[in-house]
Number of protein chains: 2
Amino acid sequence: VIERLCIIGAGLIGGSLARALRTADYCREVVGCSRNPAHLQQAVELGVIDRYDTDPVQAVAGADMVLVAVPLGAMEPVFRALRGHLPADAAITDVGSAKASVIEAARRGFGELPAAFVPGHPIAGTEQSGVAASFAELFRDRRVILTPVEQTSTEATARVRAMWEAAGAVVDEMDPAHHDTVLAATSHLPHVLAFALVDSLTRLGERDEIFRYAAGGFRDFTRIASSDPVMWRDICLANGDAILQMIDRFSGDLQQLADAVRQHDGETLQAVFASAKQARDRYVDKHT
Amino acid sequence: VIERLCIIGAGLIGGSLARALRTADYCREVVGCSRNPAHLQQAVELGVIDRYDTDPVQAVAGADMVLVAVPLGAMEPVFRALRGHLPADAAITDVGSAKASVIEAARRGFGELPAAFVPGHPIAGTEQSGVAASFAELFRDRRVILTPVEQTSTEATARVRAMWEAAGAVVDEMDPAHHDTVLAATSHLPHVLAFALVDSLTRLGERDEIFRYAAGGFRDFTRIASSDPVMWRDICLANGDAILQMIDRFSGDLQQLADAVRQHDGETLQAVFASAKQARDRYVDKHT
């Protein structure tokens with residue numbers, strides 16, 4: 001059980017974790033922290049946090065668990081502000097979508113990696129953002145990946161794992177670089193493609209008409225293009241190498257498909273489409 | 001009101017139209033036709049059609065409306081079979097996702113374009129296929145595009161329009177080539193991207209792991225990759241030129257985004273993502 005959870009960044013992820021832990025009766029008090037007092041006030045009114053402080057040092061005082069749930073670009077300043085101010089018995093974790101960059105930010109911000117810092121990433125979210133969109137079931141049966149490194153204490157890792165399990169998640173551990181490759185494939189590349197497609201279409205002359213004839217498939221396909229632009233800018237900057245590799249690989253595959261269209265090669269088209277359908281149907285059967 | 005509707009191709013689209021017209025009490029009898037008697041028997045058992053004939057000539061006898069709802073590659077043989085056998089007072093329409101190619105197939109199949117033939121395309125569907133997936137509300141408030149040409153009788157166009165409106169759809173008319181460009185952008189390109197992405201990921205070494213960490217965003221993004229491979233092969237062959245133009249345009253835009261990632265150009269990334277999000281949010285607000 002957590003006595004005092006401090007959530008830095010009062011948005012969809014931090015808010016949903018606070019709600020989940022309250023629902024599970026796993027947490028006695030939640031203190032919020034953000035640069036934006038209006039978000040914090042809203043979080044109090046929604047019953048997501050008990051109180052708040054806009055100063056990270058004050059906010060973490062007396063906490064035994066600290067969750068840093070800010071955009072990747074804001075991680076290092078937060079870590080720097082907390083340098084020398086982490087309570088001795090606190091574990092600290094984050095929710096960043098790219099792990100190597102957060103670990104580097106922690107190393108720079110804290111001067112050296114604290115043993116209490118457990119890099120983490122819940123594989124959950126919606127295209128919504130903000131605490132108003134938070135809900136207790138967001139992590140139910142979803143995966144959380146922890147990427148502890150050499151310096152990370154096993155006790156801190158165990159406490160962070162227990163917290164996510166209390167929120168209903170399934171926790172795995174892996175190497176940070178491997179996490180970054182897997183996420184580039186399953187999340188970062190699809191987001192880049194969705195943003196690129198919608199942006200591409202808005203620059204066609206028939207824009208209004210085009211969106212008028214976009215049906216349900218298009219709506220689902222582009223849902224992730226409604227995600228937060230700043231968050232995704234930061235992810236692209238933080239995990240650029242892995243994302244570029246995935247874009248290159250995808251572009252090559254797309255060109256092969258274009259060649260098949262150009263050559264009226266129905267056999268190749270059908271084989272690729274059937275293989276993709278089979279993989280997705282199998283995946284959906286397995287995971288939903 | 002339609003006295004006898006003949007549906008050639010007893011799948012999701014044909015079945016859903018039959019259900020919708022029955023619900024609206026707009027159709028007295030529905031005759032099915034398909035190469036596969038099992039599908040037809042299932043359609044009878046589901047109450048979607050009243051009776052069937054596997055011979056198109058027999059099936060259309062006495063019909064005042066004929067709907068051809070077969071994959072694009074099967075259109076020309078159907079039209080050829082019906083040559084000289086269309087009832088004098090029947091209107092005939094299709095549901096193909098590419099219009100120039102269907103018009104050409106009709107010209108070849110019938111010898112010349114019948115005045116009664118009204119090329120059409122309901123912008124509706126799901127990633128499912130088959131008559132078992134059909135439902136009466138599929139076309140409710142969805143767009144149907146008719147692309148009548150010089151030879152098409154205005155009376156036939158009016159009857160086909162009235163039929164789709166009875167099924168709950170909003171009917172527009174446009175030039176076939178323009179239809180093909182708009183659909184390449186809003187439907188064909190997204191499907192190609194979704195198929196290409198899933199296929200690309202299945203060829204990564206970490207395939208099983210990758211699908212394990214794919215979350216809700218990925219599921220929505222790739223839903224259309226569960227669509228029928230034969231139908232999409234045919235669409236890529238039938239509307240290849242417009243699709244290739246869209247792939248080229250998209251690939252260029254994707255490379256620009258990749259360049260921004262490579263150059264750590266956060267400003268460009270955020271601007272593109274914000275523009276895409278704004279366009280999609282506006283579109284969703286407007287159309288859902």
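View 1. Ala43(A) belongs to helix H2 (residues 37–45) of chain A; helices (H or I, at least four residues) and strands (E, at least two) are DSSP runs, numbered from the N terminus. Apart from neighbours within four places in sequence, Ala43(A) is in contact with Val48(A), Ile49(A) and Val131(A), contact meaning heavy atoms within 4.5 Å. Between the C-alpha atoms of Ala43(A) and Ala132(A), 89 residues apart along the chain, the separation is 7.7 Å.

**View 2. Aromatic rings in chain A.** Rings of Phe, Tyr and Trp (its six-membered ring) pair if their centres lie within 6.5 Å; planes under 30 degrees apart count as stacked, over 60 as edge-to-face and the rest as tilted. Over all chains, this rule gives 11 aromatic pairs. The ring centres of Phe79(A) and Phe110(A) are 5.3 Å apart with planes at 35 degrees, so this pair is tilted. Phe79(A) lies in helix H4 (residues 75–82) of chain A and Phe110(A) in helix H5 (residues 99–110) of chain A, so the pair ties together parts 31 residues apart in sequence. Phe79(A) and Phe110(A) are both buried.

**View 3. Phe79(B) and Phe117(B).** This aromatic pair is edge-to-face, at 5.4 Å centre to centre and 65 degrees between the planes. Phe79(B) and Phe117(B) are both buried.

**Notes.** Residues are numbered from 1 along each chain as its sequence is written, and chains are lettered from A. In this predicted model local features need pLDDT of at least 70, and side-chain atom pairs count only at pLDDT 80 or more, while side-chain values use heavy atoms.

Note on methods. Buried < 20%, exposed > 50% of the residue type's maximum accessible area, 1.4 Å probe, protein only.
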